[in-house]
Amino acid sequence: MSDKAKFIHNGSELEFDVPQGTMNEKYVDFSNFRSQTGGIITLDPGYKNTGSCTSAITYLDGEEGVLMYRGYPIEQLAEKSNFVEVMYLLLKGELPTQEELTKFENDVMDHDMVSEDVTKILSAFPSTAHPMGVLSTLTSALTAFNPKAVDAKSETDMYRAAVTLMGKFPVLASWTLRKVKGWPLNYSDNKLGYVENFYQLMFKQPNRDLEMDPVIINALDKLLILHADHEQNCSTSTVRLVGSAHTGLFASISAGVSALWGPLHGGANQAVVEMLDQIKEDGGNVQKWVDKAKDKNDDFRLMGFGHRVYKNFDPRARIIKKAADQVLDKLGIQDESLEIAKKLEQAALEDEYFISRKLYPNVDFYSGLIYRAFGIPTEMFTVMFAVGRLPGWIAQWIEMRQNNEPIGRPRQIYTGAPKRDYIDMNKR
Ligand code: ACO
């Protein structure tokens, strides 16, 4: 027998089911609350207590610091899997056989050409344009070049849309970097794996060979795995919400890119490195900046600290911290910002303000330092995040359509002026 919750209002009592998810997460099913209560709604700004859907893709326990894709712990996937396999896992729900994996990678790489006309849109941007704005525009523009409608009931259609975008997205992402750098555009090399190809798309110069350092490729692969999905975060919820109006995949993902851009979400990796540089230039007094973050009269927040869901530790941050150490060590890079980051983390973790509010370093705290070691400009960091998050967005969009979810349409409580009569201009 499932649990029940009671809602008592004006002397009448209503009972609601309290079912459980796979990992025993309890919830009250309020889907008929408004009709049952005669018009009362629940108010939850920022959705801090509200589940927007059921999902079989990713499990996250913020109290225990657990993250699993399709049931597989992130630590195991980061250690043993690779990004292409994780893309397959998120999309299909199961780990592939070698044959399935090879076919999948070939299918993705078959879609790695982007219409030359897209380069005309790119060339209209100034080189100072933020790469996330450019990426969002180019992703949306793909709709015009791939106009075939997708039948949500057709597995084949959904698969085709997914591999099309997985093939083209790294090309677009790399072009935003080449725009910033003023380099000629580059095209895919389908003799390479997905991650190696993404790397050469970004960095290959027409006049010289590109060395692929396995340390860099492995770290990049790991970072992409760690970012691949994170259940109903701001950008993923955006992708699902936009898609719930039966908007196409490419336009929905373009909206997700815009949501990810914000400094409170994916844009935090850029903000972290800018903050560390600022602390460095200011003389490296870490305590001064911790105090600033605690000061309620100061808008400054420690970027890369805190998370809406993780209130113990972010398991991705642990893996990334280790990777950052390894990468900088193996590449022989002395990054003063890494030392400042470590001191900042230490100071904050020992501070009552951060302890009592359960504020821990999140995934973005260390990822930017690795990207910088790769030679990626700061404003490109969130684009790297977007390339990692793409399979998650796609899997969530497909799940939402296949579950036939209704259009997302929250309600509100109106707090404006009560009804009043229009006043003619000459009487105001
Ligand atoms: N520095 C200082 N204080 C903070 C920080 C921070 N980074 N984060 C939260 N707090 C404080 C708030 O001021 C608040 O204090 P109060 O209770 O005295 O008012 C308390 O902690 C709770 O903070 P909220 O903003 O209510 O927490 P919420 O869950 O809404 O926000 C968020 C989470 C947006 C991530 C927030 O912690 C933040 O702004 N962090 C910095 C930006 C960042 O790193 N974002 C990346 C998140 S991970 C990702 O999206 C990939």
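Visitor: Over how many bridges do S3 and strand S4 pair?
Guide: The model is a predicted one. In it, strand S4 covers residues 66-69 and pairs with S3 in the antiparallel sense. Within this pair, Thr58 stands opposite Tyr69 in S4. The number of bridges between S3 and S4 is four.

Visitor: Which residue in the hairpin of S3 and S4 takes a positive phi?
Guide: The hairpin has four residues between its strands. The positive phi there is near 70°, and the residue that takes it is Gly65.

Visitor: Which strands stand at the edges of the sheet?
Guide: Three strands form an open, antiparallel sheet, in the order S3-S4-S5. An edge strand here has a single partner strand, so one side of it is left without a neighbour in the sheet. That applies to strand S3 (58-61) and strand S5 (72-73).

Visitor: Are the residues on the two faces of S3 buried or exposed?
Guide: One side of S3 carries Thr58 and Leu60, and the other carries Tyr59 and Asp61. Both faces are covered, and a residue counts as buried under 20% relative accessible area. The four residues named are all buried.

Visitor: Which residue in the turn between S1 and S2 has a positive phi?
Guide: Strand S1 (residues 3-9) and strand S2 (residues 12-18) run antiparallel and are joined by seven bridges. Ala5 stands opposite Phe16 in S2. The two strands form a hairpin with two residues between them, and the one in the turn with a phi of about 50° is Asn10.

Visitor: How many residues of helix H17 are buried?
Guide: H17 spans residues 364-373 and is mostly covered. Its buried residues include Asp364, Ser367, Gly368 and Tyr371. They pack against helices H9, H12, H14, H15 and H18. Of the 10 residues in H17, the buried ones number nine.

Visitor: Which residue with a positive phi follows H17?
Guide: The helix itself runs over residues 364-373. The phi in question is near 90°, and it belongs to Gly375.

Visitor: Which residue's backbone oxygen does the side chain of Asn269 reach?
Guide: Asn269 has its place in helix H12 and is buried, with a relative accessible area of 0%. Leaving aside neighbours within four places in sequence, its contacts are Asp364, Ser367, Gly368, Tyr371, Phe381, Thr382 and Phe385. Among these, the residue whose backbone oxygen is reached at 3.2 Å by the side chain of Asn269 is Phe381.

Visitor: How do the residues of the shell around the ligand divide?
Guide: The ligand is surrounded by 22 residues. The closest are Arg301, Leu302, Gly304, Arg308 and Tyr353. By class, the shell divides into 10 nonpolar, five polar and seven charged.

Key
Residues are numbered from 1 along each chain as its sequence is written. This is a predicted model: local features need pLDDT of at least 70, side-chain atom pairs count only at pLDDT 80 or more; totals for chains, interfaces and linings use all residues. Side-chain values use heavy atoms; hydrogens and water are left out. Buried means under 20% relative accessible area, exposed over 50%, partly exposed in between (1.4 Å probe, protein chains only). Contact means heavy atoms within 4.5 Å. A residue is near a molecule or strand if one of its heavy atoms lies within 4 Å of it. Ala, Val, Leu, Ile, Met, Phe, Trp, Tyr, Cys and Pro count as nonpolar, Asp, Glu, Lys and Arg as charged, and the others, Gly among them, as polar. Two strands pair if DSSP finds at least two bridges between them. A polar contact is a pair of N or O atoms within 3.5 Å; within protein, one must be able to donate a hydrogen and the other to accept it, and residues adjacent in sequence count only if both atoms are side-chain atoms.
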